[in-house]
Amino acid sequence: MISQKAKYALRALVALTKVPPGATRMISEISREQAIPKKFLEQILLELKRAGLVNSQRGRTGGYALLRAPGEITFGEVLRLIDGPIAPLPCLSKVFYRRCDDCREEESCEVRHVFAKVAEATRGVLDTTTLADAVHVELETL
């Protein structure tokens, strides 16, 4: 399961995806529309800003906007940023690999073999689905 923080981050980014180019959204607007606690959203957006996904603009017409095109930001990238590795077992993580403490031999571990398929399928979806894809799917269902 993804964390509530990751879910809020994705919802905030999807909200920013719907903003016209050159425009910004205020934290209070995103908070209200997405039902995300404002203080928590501030922390999340600051983290996304440090990672280079969003930018903030001060002033009366200020707010947040995406720094990259929605088609360039994947769900996998955001989840790794917020929650860390996308792997059901530490021995399956591509970035944060760690041998399982109770494992004698990875090559013959039946549990690892099954979850390797799960991890591969999950990464396949998350690393190819962008914010633009999510908004496009949403618009198609309306």
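Is Cys103 buried or exposed? Cys103 is buried, with a relative accessible area of 18%, where buried means under 20% relative accessible area, exposed over 50% and partly exposed in between, using a 1.4 Å probe and protein chains only. Please keep in mind that this is a predicted model, in which local features need pLDDT of at least 70 and side-chain atom pairs count only at pLDDT 80 or more, while totals for chains, interfaces and linings use all residues. Residues are numbered from 1 along each chain as its sequence is written, and side-chain values use heavy atoms, with hydrogens and water left out.

**The overall picture**

- The protein chain has six helices and two strands; helices (H or I, at least four residues) and strands (E, at least two) are DSSP runs, numbered from the N terminus.
- Along the principal axes, the C-alpha atoms of the protein chain fill a box of roughly 60 × 30 × 25 Å.
- The protein chain has 142 residues, and 37% of them count as buried.
- Among contacts (heavy atoms within 4.5 Å) in the protein chain with a separation of 6 or more, 60% come from residues 24 or more positions apart.

**Surface and charge**

- The protein chain exposes about 8900 Å², with 56% of that supplied by carbon and sulfur atoms; accessible areas come from the Shrake-Rupley method with a 1.4 Å probe, and for residues only the protein chains shown count as cover.
- There are 21 positive and 18 negative side chains in the protein chain, and the centres of the two sets lie 8 Å apart.
- For that count, Lys and Arg are positive and Asp and Glu negative, with His and the chain ends not counted; each charge is placed at NZ of Lys, CZ of Arg, CG of Asp or CD of Glu.

- Helix α2 covers residues 27–34, and Ile27, Ile30, Ser31 and Gln34 are buried in it.
- These four residues lie on the same side of α2, because they cover an arc of only 100° around the axis; the arc is that of the directions from the helix axis to the C-beta atoms.
- The buried residues of α2 pack against α1 (4–17), α3 (38–50) and β2 (63–66).
- Ser31, in helix α2, has a relative accessibility of 12% and so counts as buried.
- Beyond its neighbours within four places in sequence, Ser31 touches Ile36, Pro37, Lys38 and Leu41.
- Ser31 and Leu41 are ten residues apart in sequence, and their C-alpha atoms are 6.9 Å apart in space.
- Over in helix α1 you will find Ala12, which is buried with a relative accessible area of 0%.
- Leaving out neighbours within four places in sequence, Ala12 is in contact with Ile30, Ile36, Leu41 and Leu45.
- Ala12 and Glu33 are 21 residues apart in sequence and 9.5 Å apart in space, C-alpha to C-alpha.

**A positive phi at Ala35**

- Ala35 follows α2 and sits in the loop between α2 and α3.
- Ala35 is not a glycine, yet its phi is positive, at about 55°.
- Most residues other than glycine have a negative phi.
- With a relative accessibility of 56%, Ala35 counts as exposed.

**Cysteines**

- A search of the whole structure finds zero disulfides, a disulfide here being a pair of cysteine sulfur atoms within 2.5 Å.
- Cys91 is in no disulfide, and its nearest cysteine sulfur, that of Cys100, is 3.7 Å away.
- Cys91 counts as buried, at 4% relative accessibility.
- Cys103 is in no disulfide either; the sulfur of Cys109 is the nearest cysteine sulfur, 4.6 Å away.

**Two buried loop residues**

- Glu106 is in the loop between α4 (75–83) and α5, and at 10% relative accessibility Glu106 counts as buried.
- Apart from neighbours within four places in sequence, Glu106 is in contact with Cys91, Tyr97, Arg99, Arg112 and His113.
- Thr130 belongs to the loop between α5 (110–126) and α6 (131–141), and is buried with a relative accessible area of 9%.
- Setting aside neighbours within four places in sequence, Thr130 contacts Pro70, Gly71, Ile73, Thr74 and Phe75.
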